[in-house]
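Visitor: Could you take me through this model? I would like to ask about it piece by piece.

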Amino acid sequence: MNSTRKHVSVRGGKSILTAAEFQHLADVPPATEWFKNLDNDHTASAYKESIKDFMRFAGIDRPAKFRQVTRAHVIAWRDDLKGRLGPKGKPLGKTTVRHRLTALSALYDYLCDQNAVAFNPCKGVKRPTVISSRGKTPAISDREARALLAAPSKDTLKCKRDRAILATLLYHGLRRSELCKLRVQDYRFQIEGVGHLVVQGKGDKERYVPLHDFAAELIDDYLDAAGHGYDAEGALFRPFRNSRGTGLENAVTPDGVYKVVRHYSAVLGGKIRAHSLRATAATNALKNDADLAKVQEWLGHSNISTTRIYDKRDFRPQDSPTFKIRYE
């Protein structure tokens, strides 16, 4: 029997795959769906470049070759990255190398979940150690947070929306993408009589965040003025341009949230990053005796070490030996 036939034949009542059909089923599924799950455009772009770089290094020219990759290939790629020069003529930093390995490992985790590969060759590959206990995104002070909340001072619809957005970020520690996914019904969710936000986090993980009374008042005020409080399935926070109709297609974008924060921080004479509001919420909660594990769950962190970055309770510069020195 010809093994290159185009159709499935039956032998003993069982279908026999052709070589072409077998190869088609054996191919690793494309990573398109994996990339779709990356909420942050910057992260998705960086991950794509990392995967392309590994494919060039390992000579992967078709999906099935991902199955042939071993830990040795990943180690060789890591060592090659360590020896490369960056755009400014300096060796690639440890953080860059670590991020590229993280991207490849995330892809293989997805392929394992899809039963496309048998194992993740990145497991056990040592990544460069990056010393970072404080995080790169600074929290703002309590005074700055109060001033930012008060900055949209006019009684316009836009100011009402912006006050509600800023309060939602500062009192619940949401990511920009999470805020943009909120629907009207996600804000009206109740657990044992307590209002909660239903938050769609990274990897479509859902969590329930108790709703702060102050933020709830501002959201109510915004919905009353905007008039879409009846639209349970529609977006909670909406833009003012190209916003005809209803539904999630009209949700404010992460870039829109970024511009809101930057606008009012500029009004106050500074530059506050949108992610700083998440850092501020976490830092403030921990400073006021919130449990670290509960803050981890509240923020949607998969690893508690990420949450510890925001824990500044033991950070007291005034106690440093620097200020004990006396040359008298």
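Visitor: To start, which residue's side chain meets that of Asp61 in a salt bridge?

Guide: The partner is Arg62, at 3.7 Å from N to O. A salt bridge here is a side-chain nitrogen of Lys or Arg within 4 Å of a carboxyl oxygen of Asp or Glu. Please note that this is a predicted model, in which local features need pLDDT of at least 70 and side-chain atom pairs count only at pLDDT 80 or more, while totals for chains, interfaces and linings use all residues. Residues are numbered from 1 along each chain as its sequence is written, and side-chain values use heavy atoms, with hydrogens and water left out.

Visitor: Is Asp61 buried or exposed?

Guide: Asp61 counts as exposed because its relative accessibility is 58%. Arg62 is partly exposed, at 42%. The terms are set by relative accessible area: buried is under 20%, exposed is over 50%, and partly exposed lies in between, with a 1.4 Å probe and protein chains only.

Visitor: How many salt bridges are there by this rule?

Guide: The count comes to 18. Another of them joins Arg84 to Asp80, with 2.8 Å between N and O. Arg84 has a relative accessible area of 22% and is partly exposed, and Asp80 is likewise partly exposed, at 30%.

Visitor: And what does Arg207 pair with in a salt bridge?

Guide: Arg207 pairs with Glu178, and their closest N and O atoms are 2.9 Å apart. This pair links distant parts of the chain, since Arg207 belongs to strand S5 and Glu178 to helix H8 (residues 176-181), 29 residues apart. Both Arg207 and Glu178 are buried. As for networks, salt bridges with shared partners join Asp53, Arg56, Asp80 and Arg84 into one.

Visitor: Let us turn to the sheet. In what order do its strands lie?

Guide: The order is S3-S4-S5, in an open sheet of 3 strands with antiparallel pairing. The edge strands, each pairing on one side only, are S3 (189-191) and S5 (206-210). On average, neighbouring strands are turned by 45° against each other, direction ignored. Strands count as paired if DSSP finds at least two bridges between them.

Visitor: How many bridges join S4 to S5?

Guide: There are 5 bridges between S4 (residues 194-200) and S5. Within that pairing, Gln200 stands opposite Glu206, and Val199 has Arg207 as its bridge partner.

Visitor: What about the hairpins: which residue takes a positive phi in the one formed by S3 and S4?

Guide: That is Glu192, with phi near 55°, in a hairpin that has 2 residues between the strands. In the hairpin of S4 and S5, with 5 residues between the strands, Gly203 takes a positive phi near 65°.

Visitor: How many residues of S4 are buried?

Guide: In S4, 5 of its 7 residues are buried, and the strand is mostly covered.

Visitor: Now the helices. At what angle do H4 and H5 cross?

Guide: H4 (residues 71-82) and H5 (residues 94-113) cross at roughly 155°, and their axes come within 10 Å. Axes are lines fitted to C-alpha atoms, for helices over the stretch in contact, and angles run from 0 to 180 degrees between N-to-C directions. The two helices are therefore roughly antiparallel; angles under 35 degrees count as roughly parallel, over 145 as roughly antiparallel, 65 to 115 as roughly perpendicular and the rest as oblique.

Visitor: Which H4 residues meet H5?

Guide: Val74, Trp77, Arg78, Leu81 and Lys82 of H4 meet Val97, Arg100, Leu101 and Leu104 of H5. Contact means heavy atoms within 4.5 Å.

Visitor: And how far apart are the axes of H7 and H11?

Guide: The axes of H7 (residues 157-172) and H11 are 11 Å apart, and the angle is about 100°. H7 and H11 are therefore roughly perpendicular. Their contact includes Ile165 and Leu169 of H7 and Val257 and Tyr264 of H11.

Visitor: One last item: where does His228 lie?

Guide: His228 lies in the loop between H10 (213-226) and H11 (254-267). With a relative accessible area of 6%, His228 is buried. Not counting residues up to four places away in sequence, His228 touches residues including Val184, Tyr222 and Arg238.

Visitor: How many helices and strands does the chain have?

Guide: The protein chain has 14 helices and 5 strands. Both are DSSP runs numbered from the N terminus: helices are H or I with at least four residues, and strands are E with at least two.
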